[in-house]
Amino acid sequence: MNHLPEDMENALTGSQSSHASLRDIHSINPAQLMARIESYEGREKKGISDVRRTFCLFVTFDLLFVTLLWIIELNVNGGIENTLKREVIHYDYYSSYFDIFLLAVFRFKVLILGYAVCRLRHWWAIALTTAVTSAFLLAKVILSKLFSQGAFGYVLPIISFILAWIETWFLDFKVLPQEAEEENRLLLVQDASERAVLIPAGLSDGQFYSPPESEAGSEEEAEEKQDSEKPLLEL
């Protein structure tokens, strides 16, 4: 069987390959990109990311845990009513635990207001609370007489100090980097979707119709037959 010339075969294969590439690009981009954009937009509508919500829960745990320890300390040292009068009404910096509880309330208010209500994307709020907490606790441990009042003189300052620094680590190494990464992904997906809009719609197979192959030399044989039939007709 005769074959088409090489130039025509190359042209046909080139057109088929270009058709396949256009069809693949168009089939991959729109559905997947739109699904990703909708998922990212859904996260933005929620207003707060999952990792930031976890951070806010940990800040709430900080306040509740310190409050629980302080209530236990009040019961251990002579009952809640008598100890509250001694530590709150007759507050003494050198022997009271009430200021450590107020320090936990200060951290809770600043961090929830900054990172849950105002949705800050900066570390200055957590830096403020951690610096104030560290400075106050160090001064209280050095100047006060907490160590002479039993185990809570050690537990409450150490727990407050550790929780404040865990909050700083979690925000700086988990919350802010993950949110920045999510924002960069959203920008990349939006940029890819804008590029996909510029690509023309998928082309159907019928638009790349090629005629059936014909045997080589068929036109020459037809001309020869016509030439041979002319003398017979003249006779």
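The axes are lines fitted to C-alpha atoms, for helices over the stretch in contact, and the angles run from 0 to 180 degrees between N-to-C directions. Two packed helices are described by the angle between their axes and the distance between the axes.

The structure is a predicted model, in which local features need pLDDT of at least 70 and side-chain atom pairs count only at pLDDT 80 or more, while totals for chains, interfaces and linings use all residues. Residues are numbered from 1 along each chain as its sequence is written, and side-chain values use heavy atoms, with hydrogens and water left out.

The protein has seven helices and zero strands. Helices (H or I, at least four residues) and strands (E, at least two) are DSSP runs, numbered from the N terminus. From that end, the order of elements is α-α-α-α-α-α-α. Of the 235 residues, 26% count as buried. Buried means under 20% relative accessible area, exposed means over 50%, and partly exposed lies in between (1.4 Å probe, protein chains only). Among contacts with a separation of 6 or more, 77% join residues 24 or more positions apart. Contact means heavy atoms within 4.5 Å.

An unreviewed UniProt entry lists residues 55-76, 96-116, 123-143 and 149-166 under "transmembrane region". UniProt positions are given in the numbering used here, feature names are shortened, and annotations may be inferred rather than shown by experiment. In the model, residues 55-76 are 100% helix and 0% strand. The end C-alpha atoms of this stretch are 32 Å apart. Residues 123-143 are 95% helix and 0% strand, with end C-alpha atoms 30 Å apart.

Helix H4 (residues 98-117) packs against H5 (124-143). Their axes come within 9 Å and cross at roughly 175 degrees. H4 and H5 are therefore roughly antiparallel. On the H4 side, the contact is made by Asp99, Ile100, Leu103, Phe106, Arg107, Val110, Leu111 and Tyr115. Their partners in H5 are Trp124, Ala125, Ile126, Thr129, Val132, Thr133, Phe136, Leu137 and Lys140. By class, this contact holds 12 nonpolar, two polar and three charged residues. Ala, Val, Leu, Ile, Met, Phe, Trp, Tyr, Cys and Pro count as nonpolar, Asp, Glu, Lys and Arg as charged, and the others, Gly among them, as polar.

H4 also meets helix H2 (residues 50-76). Here the axes come within 9 Å and cross at roughly 165 degrees. That angle makes H2 roughly antiparallel to H4. The crossing is left-handed, a term for a near helix turned anticlockwise from the far one by less than a right angle, with clockwise giving right-handed. Residues of H2 in this contact include Phe55, Val59, Leu63, Val66 and Trp70. Those of H4 include Phe101, Val105, Phe108, Ile112 and Tyr115. The contact of H2 with H4 has 16 nonpolar, two polar and three charged residues.

H2 has a further partner in helix H3 (residues 80-89). The two axes come within 7 Å and cross at roughly 110 degrees. H2 and H3 are therefore roughly perpendicular to each other. Trp70, Ile71, Glu73, Leu74 and Asn75 in H2 meet Ile80, Thr83, Leu84, Glu87 and Val88 in H3. Six of the residues in this contact are nonpolar, two polar and two charged.

Arginine 52 lies in H2. Arginine 52 is buried, at 3% relative accessible area. Beyond its neighbours within four places in sequence, arginine 52 is in contact with Tyr115, Arg119, Leu120, Arg121, Val175, Leu176 and Glu179. Its C-alpha lies 9.5 Å from that of phenylalanine 170, 118 residues away in sequence.

Arginine 119 lies in the loop between H4 and H5. Its phi is near 55 degrees, a positive value in a residue other than glycine. At 45% relative accessibility, arginine 119 is partly exposed.

Helix H6 (residues 152-198) holds isoleucine 162 and isoleucine 158. Isoleucine 162 is partly exposed at 42% relative accessibility. Its C-alpha is 10.0 Å from that of aspartate 62, 100 residues apart along the chain. Isoleucine 158 is also partly exposed, with a relative accessible area of 47%. Isoleucine 158 and leucine 137 are 21 residues apart in sequence and 8.5 Å apart, C-alpha to C-alpha.

Notes:
Angles under 35 degrees count as roughly parallel, over 145 as roughly antiparallel, 65 to 115 as roughly perpendicular and the rest as oblique.
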